[in-house]
Amino acid sequence: MNYKIALLKGDGIGPDIVDSTLSVLDKVAARFGITFTYTPYLMGGCAIDETGVPLPEETIKGCLESDSVLLGAVGGPKWETLPGHLRPEAGLLGIRKAMGLYANIRPVRLYSALRERCPLRSVEAFDIVIVRELTGGIYFGERGRRQGANGEEAYDTECYSTTEIERIGRVAFEMAGMRSKRVTSIDKANVLESSRLWREVMHRLAAEYPDIDYSDMLVDNAAMQLIKNPAQFDVIVTSNMFGDILSDEASQLTGSIGMLPSSSLGGTKRGLYEPIHGSAPDIAGTRTANPIATILSAAMMLRYSFNLAEAADAIERAVEGTLDAGYRTRDLGGTLGTDEITAKILELI
Ligand code: IPM
Ligand code: MG
């Protein structure tokens, strides 16, 4: 079987972590008798430099014609002063939207080998999945500048429709059904109208899934509870912006933001797979970035988009084995570079 993978390497450490992941994919391909064809496309700062826009039409077309997309990271100081719609990040939001990827799945798991990297003094084992709404909310609402009574103003709008809330809610309830059957929906319903609608819709869904233990939590409390007792959570479902913030927070419980993969899915099997971290311009080109989040994202691609569970398991086991053997990149307190940790993972596949 041949799978067509579109590559969006992006900026900063993006090319390094994607290249490392391709060597892992090639290794599982050889072992399991699969082939992958890779086609690179420009997106983000590199696309701005080459074409003047962060998301060229050709990139959208290529991604839509692929079986799935593997993404590194975008952005950097070079493009920070551009207007919002021309920044690298607009390319990322644009491709998520163009592919209709409304469900961003971010598993948060503490490997036993990394227990000492978790900043909590005592922590019960936890295994959380954050289900983040990805194509709505304040990221995509009306925004702008205007003249107000006291001079210039700027505004961004959080807007959610019942349909958008319901479809992300279903992803969370279905996922909880396959796990420990708990859903926590995180909102700010004591202040925001959009959160009140969010909560109403979630309650309707909860009634449809009586075997799921459902609860609501306000986002400020959730930020605290994640640190106080992460083991209380199983599936978290939340809006685009709250999910962005809480997943960075949760990543620290696993030792490093360099550990968290993600998959973004919509109505089809075609997904976009990317680490949750950014392009780390400070270490770009040093080949010291931790590629594990991207490698684990590729494993998610094999599992969710291609139904290659065995190959996905092989990657995940190799990552775990590498950590168990004590190999660490710098973000995890070690000294290995991108290529060295990749070589260790390859040995175990
Ligand atoms: C993420 C990132 C992006 C987001 C940025 C780079 C636009 O922080 O994937 O979490 O906010 O979604
Ligand atoms: Mg983020």
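Let's start in the sheet. Strand S5, residues 127–133, pairs with strand S10, residues 235–238. The sense is parallel, over four bridges. Within that pairing, valine 129 stands opposite valine 235 in S10. A helix lies against this region. Helix H8, residues 240–253, packs on the sheet and touches S4, S5, S8 and S10. The direction of H8 makes about 155 degrees with that of S5. Keep in mind that this is a predicted model.

Now the whole sheet. Ten strands form it, and it is open. The order runs S2-S1-S3-S12-S11-S4-S5-S10-S8-S9, with mixed pairing. Which strands stand at the edges? Strand S2, 35–40, and strand S9, 213–218. Each has a single partner strand, so one side of each is left without a neighbour in the sheet. From one strand to the next, the twist averages 25 degrees.

On to the helices. Take helix H11, residues 338–348. Its buried residues include Thr338, Ile341, Thr342, Ile345 and Leu346. Why do they sit on the same side of H11? They cover an arc of only 145 degrees around the axis. In general, an α-helix has 3.6 residues a turn, so residues three or four places apart point the same way. What covers the buried residues of H11? Helix H1, 14–32, helix H9, 292–304, and H10 are among the elements that do.

Helix H10 spans residues 309–324, and threonine 322 has its place there. Is threonine 322 buried or exposed? Its relative accessible area is 1%, under the 20% cut-off, so threonine 322 is buried. Leaving aside residues up to four places away in sequence, threonine 322 touches Tyr327, Ile341, Lys344, Ile345 and Leu348.

Last topic: charges. How many salt bridges does the structure hold? The number is 23. One of them joins glutamate 316 and arginine 303, with the closest N and O atoms 2.6 Å apart. This pair links distant parts of the chain: glutamate 316 is in helix H10, arginine 303 in helix H9, 13 residues apart. Glutamate 316 is partly exposed, at 23% relative accessible area. Arginine 303 is partly exposed too, at 24%. There is also a network: salt bridges that share partners join Asp16, Arg287 and Asp339.

Two further pairs. Glutamate 152 bridges to arginine 145, with 3.3 Å between the closest N and O atoms. Glutamate 152 is exposed, at 55%. Arginine 145 is exposed, at 62%. Glutamate 89 meets arginine 87 at 3.1 Å, N to O. Glutamate 89 is partly exposed, at 31%, and arginine 87 is partly exposed, at 24%.

Technical notes. Residues are numbered from 1 along each chain as its sequence is written. Chains are lettered from A and ligands numbered from 1 in the order in which they are written. This is a predicted model: local features need pLDDT of at least 70, side-chain atom pairs count only at pLDDT 80 or more; totals for chains, interfaces and linings use all residues. Side-chain values use heavy atoms; hydrogens and water are left out. Helices (H or I, at least four residues) and strands (E, at least two) are DSSP runs, numbered from the N terminus. Buried means under 20% relative accessible area, exposed over 50%, partly exposed in between (1.4 Å probe, protein chains only). Contact means heavy atoms within 4.5 Å. Two strands pair if DSSP finds at least two bridges between them. Axes are lines fitted to C-alpha atoms, for helices over the stretch in contact, and angles run from 0 to 180 degrees between N-to-C directions. The arc is that of the directions from the helix axis to the C-beta atoms. A salt bridge is a side-chain nitrogen of Lys or Arg within 4 Å of a carboxyl oxygen of Asp or Glu.
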